[in-house]
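Reader: I would like to learn how to read charge pairs and nonpolar cores in a model. Where do we begin?

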Amino acid sequence: MASPLKDILLIGYGAVGAIYSLVLKRSGQARVTVVARSNYEATNAHGMNFRSAKYGNIDGWRPDRLFPKLEPALDRSYAYVFLTTKAIPELQRTPALLAPLLSPSYADAHPQPTYVLMQNGLGVETDLYNALKKLKPQEEPRIVSTAVWIGTNLVKKNAVEINTVEHNEFDRVSMGIYRPTNLTATANTPSENALLASLASLLRAGGSQVTVVPEIQRVKFAKNMWNAVLGASAALARESLRAFFRPPECEPGYCESNSGKMDSGAGAGERTQMETKPEPEPEREPQTESERQTADVPRAAPALGQYTLPFLYDTLQELSTLGTALFASPSPSAEPGHPDTVEGLDPDVAYKTLLNTARIHARPDSKHLPSMLVDVQAGRPMEVEHVVGEVVRMGRRAGVGMPRMETLYALLLVVQNQALRRYREGAGAASGPQGL
């Protein structure tokens, strides 16, 4: 006899929420209710379209139930509540967003679900944890924190996001139990293992790649390095990461010869003549240690290899230093590699993050845009506080200097302040933050 379907509530129907609602439904184990706010009208009328290298092209897809707000969805208990909204506390904090779920009337009638937070940034769990402890002091809140790696965006038409999601060939998630004070755990308890195994099995059945870890904040911190440095830099430059890393010879339509031959396969709006090979730049020796460390990283121009890539590397190194201070806590009697030793971050995480990102975005078929850049282009508020500001505050509390990271934060605050003004004046209120 088949197991009964699990009722799952997913809040936030942006690109990430759409992909994971599809994954949950594909598992064959879930009855999926989605709360979509800013894009409810379009998705309710036409469904969601997927253009996925992994899951294929799907038109007019719908979850089991779709609502424009949370209240109508609270007619039942849920095994899991997935939160895939953007975390922008300047606009709305998580307990306010989930207020109907956290109300005494709902809590008295239904057991609290396991909350699965698929949100960018650090510290996104804190407000929810405190609200749940206030609601039921005798219970330990069940919050699963995640780090999600996925290449997906909502497609734009005439600068407006429509009900079509582009997705590349991967989506993978690392997950672990949120513990507010323990950053160096080396094992889950049996009950934690059971909870995580059940959730991981559900997502794997739907096609997603899942890793279960004993301490998730370390993984989230390492993943957040990408958003805090590379996503933030793209937003400030107002350019995709292809503008940082794609060499001219990797541009679509580039021709290895200098013949200038016409490209008979060019479509409308594409180049009608193949690029010719530029004159090679004279070779020069790297002038700084950071330039030497990034010498093999693809770059869009020699000057970027001389200045921009070393800056990105040095900023990532600042975060690596902070991560080591926060997460490495070796046992006094244990040698490196001993199971009682918490090693902290990979010492090469800065270089690997930069190189892997450059290789992806140097490809001719690269289309992904960092979420911060997407928000800037749309004039929307960004996830500045949890992605960048929280890192700066963590550094100050730990006594770790991060001048480059603080510079990014200071400049992003200017952009964010203008976006918040426009939003509050009504210019952006109609669309709302992506994912909400």
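Author: A salt bridge is a side-chain nitrogen of Lys or Arg within 4 Å of a carboxyl oxygen of Asp or Glu. This is a predicted model. Here the side chains of Arg 246 and Glu 251 form such a bridge, at 3.2 Å from N to O.

Reader: Is Arg 246 buried or exposed?

Author: Buried means under 20% relative accessible area. Arg 246 has 7%, so it counts as buried. Glu 251, at 26%, counts as partly exposed.

Reader: Which residue pairs with Lys 352?

Author: Side chains of opposite charge can pair when their charged atoms come close. Lys 352 bridges to Asp 346, with the closest N and O atoms 2.7 Å apart. Lys 352 is partly exposed at 39%, and Asp 346 is partly exposed at 32%. Elsewhere, salt bridges with shared partners link Asp 7, Arg 31, Arg 65, Asp 75 and Arg 76 into one network.

Reader: Now the cores. Which residues touch the most other members of the largest nonpolar core?

Author: In soluble globular proteins, nonpolar side chains tend to be buried together. The largest nonpolar core here has 45 residues. Phe 221, Phe 245, Leu 319, Leu 354, Val 388 and Met 405 touch the most other members. Helix 7 supplies the largest share, 9 residues.

Reader: What other core lies apart from it?

Author: Another core has 39 residues, among them Val 23, Val 148, Val 173 and Ala 200. Val 148 sits in strand 8 and is buried at 11%. Among the residues Val 148 touches are Tyr 20, Met 118 and Val 173. Met 118 is 30 residues away along the chain, yet the two C-alpha atoms are 6.8 Å apart.

Conventions: Residues numbered from 1 in each chain as written. Predicted model: local features only at pLDDT ≥ 70, side-chain atom pairs only at ≥ 80, totals over all residues. Heavy atoms only, no water. Core = buried A, V, L, I, M, F, W, Y, C linked by side-chain atoms within 4.5 Å. Buried < 20%, exposed > 50% of the residue type's maximum accessible area, 1.4 Å probe, protein only. Helix = DSSP H or I, 4+ residues; strand = E, 2+ residues; numbered from the N terminus. Contact = heavy atoms within 4.5 Å. Lists of a residue's contacts leave out its neighbours within four places in sequence.
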